[in-house]
Amino acid sequence: MSIICGCPLLECVYCLACARWAWKRCLHTAGHDSETWGLATAEEFEPVPRLCRYILAVYEEDIRHPLWEPPGGYGINPDWLILRKTYEDTQGCAPPYILYLDHDHADIVLAIRGLNLAKESDYQVLLDNKLGQKKFDGGYVHNGLLKAAGWVLDAECDILKELVEKHPNYTLTFAGHSLGSGVAAMLALVVVRHHDKLGNIDRRRIRCYAIAPARCMSLNLAVRYADVINSVDDFLPRTATPLEDIFKSLFCLPCLLCMRCMRDTCIPEEKMLRDPRRLYAPGRLYHIVERKPFRLGRFPPVVRTAVPVDGRFEHIVLSCNATSDHAIIWIEREARRAMDLMVEKDQMMEIPAKQRMERQETLAREHSEEHKAALRRAVTLSVPYAYSPSQYGTFDELEDGENFHKSSGDAESSVGPSGKSRNKESWNELIERLFDRDESGHMVLKKSHSYDR
C-alpha cells in the first residue's frame, strides 16, 4: 500500500509511534508512578531496612565471623539463629535461607536470598512458568516460585509450627530479595490459605516483605493479599511478563524497544487489566524516591506507599542505574537513610509515646480502609475474579476460613460467574444455623440466634 500511494505510510506510522514512545519514556521517571501516593511513616517502614540486613546475612557462611558486614552490622544475635540452609541443603529446589528468632522485635523471620547469577538452579526456578500455567485461590501465580515455596514450607513446617505455638505473641515474617522475594510472597499466600499447617495461625500474625520482587501473582491476588504482603519497588517489578522475555531481550535490545513501543502505543491499559493471567508485583507497594527528573545524583529519599490497582508499575524507566539499584545492599542503604530521616522528623516534632501508639492505631485503620478501597476499585475496573469486601464480618470469615481453604488445583472451581468465590456447602451451613423449618416446611428465623458479627 505504501508503494502504491507513493508515500511510506506504514513506515511513517511506525516511526511516529516509536517517537511517541521514546518521548514518553524520556519524560517518564519512577517518581511519576507514585506521585499521588501517601507518605509512609516510620512505624510502618521500620521493618524494611532491618529485614534487608537479615537478607544480607544469608550470604554469610559464618554469621559469627562476617565478611561483608554492612555499616552498623546485621543486627543479628548468632545465638537466636535457628537454622541456615545452603544450596547443598535445598538441592536447587529453593534459594538459600535462614530462620531467625528475633526476640527484640517479637518476630519469627524466614529470610531468603536473591538470584545467584552463577547458579543454574535459580534460573530453573525463575523460568519455570508459562502465562496462565498455575492457578491458585481464584487467580494465577508463578509456577516455579510456588513450587519453591512449597518445598521450603514442607521442609520447615514442623519447626515453624513449634515456634509459632511456643511464641503466640510473635509475628511470622517472610522476607526475600529478587528471586527470594517471589518465594517469600508465595510462602505468605500458602500459609494464609492453609493456616492449619502452622497450628491455625491467625492471618494478622503473618507478614511478608518482598524486596525488589519479581512479578509472581495476578492482580486480584496482589490486591487481596495487600494486608499481608508488602513490596519495595525497583526495576524488576516493572519488567514485562513472562519473565523469560527479560533474558531473551538482553541479546536483542532493539527488538525489545520496538515491541515495548508497539505495546505501549496500541494496547490500552484496560485490556491489560482484564487479562487474568497477567502477573504483577504483590501486595502493598513502597516506593523509595531518591531521584528527580533532569537532575544529577541522589537526593534525600522519600518513601511513598499505596495499594494501587491501575497504573501498578506498568512502565519501564530507562536508567543507567537500573541494574545497580536492584542490588540488596543499595536498597538497604537507601531504606536506612529514609528511615533515619523519618525518625529525625519525628524527634523534631517531639511526638509523645502515647500519641505514637494512637498514630499506629490510626495507621492500621487507614491501611484497612485503603485495602478495601483497592478491592472495590478492582471490581470497578472489571479485574477478573476480583470482589468487593462484604460489610458483614460473618461472610468474610466464611470466605477466608472455608471458601478459600481448598487445594490450589481446585481453586478455579470455586469461582462463580460474578467473579466472587462461592462455596455451596458454606451457604447451606449458614442457612441451617439461622433458620428452622416449621410443620408446613417453611423457613423460620431462629429466635435463639445471636446477631453477632
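Is I108 buried or exposed? I108 is buried, because its relative accessible area is 0%; here buried means under 20% relative accessible area and exposed over 50%, with partly exposed in between (1.4 Å probe, protein chains only).

A word on the model before we go on. This is a predicted model, in which local features need pLDDT of at least 70 and side-chain atom pairs count only at pLDDT 80 or more, while totals for chains, interfaces and linings use all residues. Residues are numbered from 1 along each chain as its sequence is written, and side-chain values use heavy atoms, leaving out hydrogens and water.

**Around I108**

I108 sits in strand β4; helices (H or I, at least four residues) and strands (E, at least two) are DSSP runs, numbered from the N terminus. Beyond residues up to four places away in sequence, I108 touches L99, Y100, L101, L160, L163, V164, Y170, T171, L172 and T173, where contact means heavy atoms within 4.5 Å. I206 is 98 residues from I108 along the chain, and their C-alpha atoms are 9.7 Å apart.

**The cores and helix α9**

A nonpolar core is a set of buried Ala, Val, Leu, Ile, Met, Phe, Trp, Tyr and Cys residues joined through side-chain atoms within 4.5 Å. The largest one has 47 residues, and I108, L110, F174, M186, L189, M217 and I229 touch the most other members. Elements that each supply at least two residues of this core include β3 (97-102), β4 (107-112), α8 (143-166) and β7 (171-177). The top contributor is α9, with 11 residues. A second, separate core holds 32 residues, among them Y54, L56, A111 and V303.

Helix α9 has 15 residues (179-193) and should span 21 Å at 1.5 Å a residue, which agrees with the 22 Å between its end C-alpha atoms; the expected span is 1.5 Å times one less than the number of residues. M186 touches V141, H142, L145, L146, A149, C216 and M217, leaving out residues up to four places away in sequence.

Setting aside neighbours within four places in sequence, R50 is in contact with D102, H105, D107 and R207.
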